[in-house]
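Please look through the sequence and the structure below before reading on.

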Amino acid sequence: MSESPHLQISSFRRGVHPDEYKNLTCHLSARELPLPDEVFIALHQHIGAPCEALVAKGDQVKTGQKIADSPAHVTSPIHASITGTVVAVADFPHPLGGKVPMIHIKRDGEEDEWEGLSTPDNWETSSKEDLAKLVREAGIVGLGGAAFPTHVKLTPPSNKPIDHFILNGCECEPFLTCDHRNMLEQTDHILMGMAITMRILGVEQGIVGIEANKADAIAAMEARVKALHLNFKVQPLKVKYPQGAEKMLIDAALGRKVPAGGLPMDVGVVVNNIATALAVYEAVVEGKPLIQRMLTVTGDAIQKPGNLIVRIGTPFQVCVDACGGLKEATSQVFMGGPMMGLVQYDFQVPTLKATSGIVCMESSQLTSMRHYPCIQCGACVSVCPMNLVPTRLSRLAETGKYADCKEWGLFNCIECGSCAFVCPSGIPLVQWIRVGKVKATEQQKKLKAQA
Ligand code: SF4
Ligand code: SF4
């Protein structure tokens with residue numbers, strides 16, 4: 001993929017330029033996988049409170065039926081992704097590690113029997129509140145990887161007025177191409193999802209931010225925006241990692257800086273991913289809850305890389321087999337891209353709502369696993385888009401000084417991995433920072449409980 005020389009492009013300060021490896025799949029249309037024989041649907045696959053199962057072993061469920069929910073505000077309900085029988089509600093391996101409660105469904109029959117959402121006759125005249133409720137009932141979360149419940153983002157408090165909505169089409173992670181394919185294959189539905197989202201937010205200004213290496217997607221979006229008479233701006237962005245991180249995107253597209261510890265709504269902006277906008281369209285117009293998504297199965301260790309449309313809860317093994325399986329030299333598998341993704345050890349884990357890719361790499365694509373002492377070169381500091389000192393944060397986390405970590409801005413880290421990517425000593429900086437966040441949060445909870 002190459003950048004168009006005619007585009008006026010924007011960006012943020014710092015960041016890195018990892019090899020893209022997107023040519024493996026960016027030209028391949030999405031393939032819909034046949035219905036899986038079984039799915040394992042995790043009760044916790046979003047930020048916020050986990051859901052409680054609404055079904056039990058032996059229950060028959062229809063595709064789209066709500067099978068788990070929670071009374072909490074920050075949560076998102078979960079739906080059956082196939083028609084079948086619940087064979088267990090039990091702990092199974094999860095892509096984030098360990099075992100967590102899941103609903104195990106075995107398919108009955110060859111076709112879906114649907115239980116959809118009831119949709120408005122005309123969303124343009126529906127109330128914002130009804131549309132936001134529908135987004136919640138559809139179980140929509142941020143599909144770029146964050147999995148934050150979308151209905152919460154779309155109902156900001158009244159003291160946080162929103163004036164811009166940005167649709168995030170950056171897809172800056174190496175290897176991943178599902179957003180790119182969606183922009184080419186689902187252009188109108190994505191734009192309609194964006195219009196519905198903007199109606200809920202009550203904003204007039206909409207920007208579609210796309211990295212300049214996706215010239216065909218930029219052209220497709222621009223053409224359809226014009227043809228549909230939409231008042232959206234398509235904004236090409238510099239090819240730089242992590243351009244798709246919300247704070248970097250807002251800086252690049254609008255020149256607004258989200259304050260340390262703040263949220264996009266603090267500067268009047270809401271950002272959603274391409275696939276999230278598509279899910280909003282499918283829920284509000286077609287009555288479909290979030291039961292499937294497109295993901296990229298790729299890497300040099302995959303026989304036939306591709307973009308697949310899969311039901312949520314489909315085991316990784318099924319997705320990998322659909323792409324011809326693994327080559328012998330596979331060394332590492334990630335859920336998501338190699339910069340922010342999580343290493344996987346068990347192919348029985350299920351796809352989650354936020355699974356944007358399964359990346360399988362040969363040893364030649366991996367940097368050495370050996371770590372050397374810090375040579376104080378400052379490279380990690382010079383690329384950190386959040387102006388942090390990653391070497392210091394990592395060292396403090398490694399030595400258990402979590403309170404000091406917080407002083408050094410631990411929770412401002414967006415875990416983009418740029419620091420680890422450039423470190424000549426191969427220090428797993430972001431991994432230590434993640435450990436620091438978990439431990440500092442535990443420490444905070446303990447102190448609260450003792451108070
Ligand atoms: S410290 Fe955090 S935000 Fe900064 S480069 Fe490393 S991972 Fe990214
Ligand atoms: S990039 Fe690595 S070696 Fe250089 S200062 Fe940062 S931690 Fe140390």
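This is a predicted model: local features need pLDDT of at least 70, side-chain atom pairs count only at pLDDT 80 or more; totals for chains, interfaces and linings use all residues.

Residues are numbered from 1 along each chain as its sequence is written, and chains are lettered from A and ligands numbered from 1 in the order in which they are written.

A residue belongs to a shell if its C-beta atom, placed from the backbone, lies within 6 Å of the ligand. Ligand 2 is surrounded by 14 residues, and the closest are Cys374, Cys377, Cys380, Thr391 and Cys423.

Around ligand 1 there are 15 residues, of which Cys384, Pro390, Cys413, Cys416 and Cys419 are the closest. Helices (H or I, at least four residues) and strands (E, at least two) are DSSP runs, numbered from the N terminus. Helix 13 has the largest share of the shell around ligand 1, with 3 residues. By class, this shell holds 12 nonpolar, 2 polar and 1 charged residues.

The chain is assigned domain 1 (1-34 + 115-366) and domain 2 (379-450); such bounds come from an automatic or database domain assignment. Their C-alpha centres are 26 Å apart. In the contact between them, 14 residues of domain 1 meet 13 residues of domain 2, where contact is defined as C-beta atoms, placed from the backbone, within 7 Å. The side of domain 1 that touches domain 2 has 10 nonpolar, 2 polar and 2 charged residues.

Some backbone details remain. The peptide bond from Tyr241 to Pro242 is cis, with omega near 0°, and Pro242 sits in the loop between strand 11 (232-237) and helix 6 (246-254).

Gln376 is not a glycine, yet has a positive phi of about 55°. Its loop runs between strand 17 (357-362) and helix 9 (379-383). Is Gln376 buried or exposed? A residue is buried if 20 or more other C-beta atoms, placed from the backbone, lie within 10 Å of its own, exposed if 12 or fewer, and partly exposed in between. Gln376 has 8 within 10 Å, so Gln376 is exposed.

Notes. Ala, Val, Leu, Ile, Met, Phe, Trp, Tyr, Cys and Pro count as nonpolar, Asp, Glu, Lys and Arg as charged, and the others, Gly among them, as polar. Two residues are in contact if their C-beta atoms, placed from the backbone, lie within 7 Å.
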